[in-house]
Amino acid sequence: RIILQGETGVGKELVARHIHTFSGRKGAFVPIHPASISESLFESECFGHERGAFTGAAYARKGFFAEADQGTLFIDEVGDIPPLIQTKLLRVLQDQRFMRVGSNKLLSSDFRLVTATNKDLRQEVARGLFRADLLFRIAVIPVIIPPLRERRQDIPLLVEAYMAHFCRLYDRRPVLLSPDHLSFLYAYSWPGNVRELKNALERIVIQGRFEPDFLQHADRPAPNDASPSLYEGFPSLEELEKRYLR
């Protein structure tokens, strides 16, 4: 069981897919985004259901856990899972056995579990927002993915790869970036990480030029590792606004 830790946009799902690709597993890579699943539908979506198990269940559903048999089950932003769902998830992870909604037959699935979070789950446990036993269950091998500002040497490679990708996608001619443009891309702090860089390069390819409105952020100072984060100390709304504006 692997847990990927890193800021939003660093590419945790991409890393999870690489883990699956090189794992030798023959099954599918099945991503789950629990934050987008309501608590009432969690069991049906993840464990599956039988036909007629509830109103609207016109057909049987296999469920994410069964689909990941012999493959990889990827649970994104596991730190956002509500407490009730955490309990249900813990029971399944103990022996990877479950029952479909509307059935009393016990099923099993041999999946590799990879989770991801942008939160400090130990702090979430201390605050009573995340189960300690679930954390111990999923965090056998923790992998920390650093933000883009801490691995700037990756930026030239990412720029080259994404520019080529978007030029093919939109059938556009390559956009020539000046040394100043490249210097900015390298020096910018990228608070949105790889996702923000990808979106910026897509915009450059679509517009066919490096727009001045993108350069207006060039004077934004890079974050100081010694400075407090936005949410450190659980600030009031007024204090949070001041930090955000700074």
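Predicted model: local features only at pLDDT ≥ 70, side-chain atom pairs only at ≥ 80, totals over all residues.
Which elements do the buried residues of α4 pack against? The partners are the helices α2 (39-47), α3 (64-67) and α6 (132-138), together with the strands β3 (72-75), β4 (97-99) and β6 (112-117).

Helix α4 itself covers residues 83-95, and its buried residues are Ile 85, Gln 86, Lys 88, Leu 89, Leu 90, Val 92 and Leu 93. Gln 86 counts as buried because its relative accessible area is 1%, under the 20% limit. Leaving aside residues up to four places away in sequence, Gln 86 touches Ile 81, Leu 129, Phe 130, Arg 131 and Leu 134.

Now step back to the whole chain. It has 11 helices and 7 strands, and its C-alpha atoms fill a box of roughly 65 × 45 × 35 Å along the principal axes. Of its 246 residues, 37% count as buried. Among contacts with a separation of 6 or more, 71% are between residues 24 or more positions apart. The accessible surface comes to about 14600 Å², and carbon and sulfur atoms hold 53% of that.

Next, follow some of the charged pairs. In one, the side chains of Glu 7 and Arg 149 meet at 2.6 Å, N to O. This pair links distant parts of the chain, 142 residues apart: Glu 7 is in the loop between β1 (2-5) and α1, and Arg 149 is in the loop between β7 and α7 (155-170). Glu 7 is partly exposed, at 29% relative accessibility.

Another salt bridge joins Asp 110 and Arg 25 at 3.5 Å, N to O. Here the two residues are 85 apart, with Asp 110 in the loop between β5 (106-108) and β6, and Arg 25 in the loop between α1 and β2 (29-32). Asp 110 is partly exposed, with a relative accessible area of 36%, and Arg 25 is partly exposed as well, at 26%.

A further pair is Arg 61 and Glu 45, whose side chains meet in a salt bridge of 3.2 Å, N to O. Arg 61 lies in the loop between α2 and α3, while Glu 45 is in helix α2, 16 residues away. Arg 61 counts as partly exposed at 22% relative accessibility, and Glu 45 is partly exposed at 23%.

What about open space? The second largest pocket has a volume of about 520 Å³. Its lining is made of 22 residues, and Gly 9, Val 10, Gly 11, Lys 12 and Leu 14 lie nearest its centre. The elements giving two or more residues to that lining are α1 (12-21) and α9 (193-207), and α1 gives the most, with 6 residues.

Finally, turn to the surface. Val 140, Ile 141 and Val 143 form a nonpolar patch there, with about 230 Å² of accessible area together. Val 140 is placed in the loop between α6 and β7 (141-144). Is Val 140 buried or exposed? Val 140 is exposed, because its relative accessible area is 52%, over the 50% limit.

Note on methods: Residues numbered from 1 in each chain as written. Heavy atoms only, no water. Buried < 20%, exposed > 50% of the residue type's maximum accessible area, 1.4 Å probe, protein only. Helix = DSSP H or I, 4+ residues; strand = E, 2+ residues; numbered from the N terminus. Contact = heavy atoms within 4.5 Å. Patch = residues over 30% accessible without salt bridge, like charges linked within 9 Å, V, L, I, M, F, W, Y side chains within 5 Å. Areas by Shrake-Rupley, 256 points an atom, 1.4 Å probe, with all protein chains shown as cover. Salt bridge = Lys/Arg side-chain N within 4 Å of Asp/Glu carboxyl O. 1 Å grid on protein atoms, 1.4 Å probe; cavity = no way out; pocket = protein on both sides within 12 Å on 5 of 7 lines; lining within 4 Å. Points joined across faces, edges and corners; volume = space filled by probe spheres on them.
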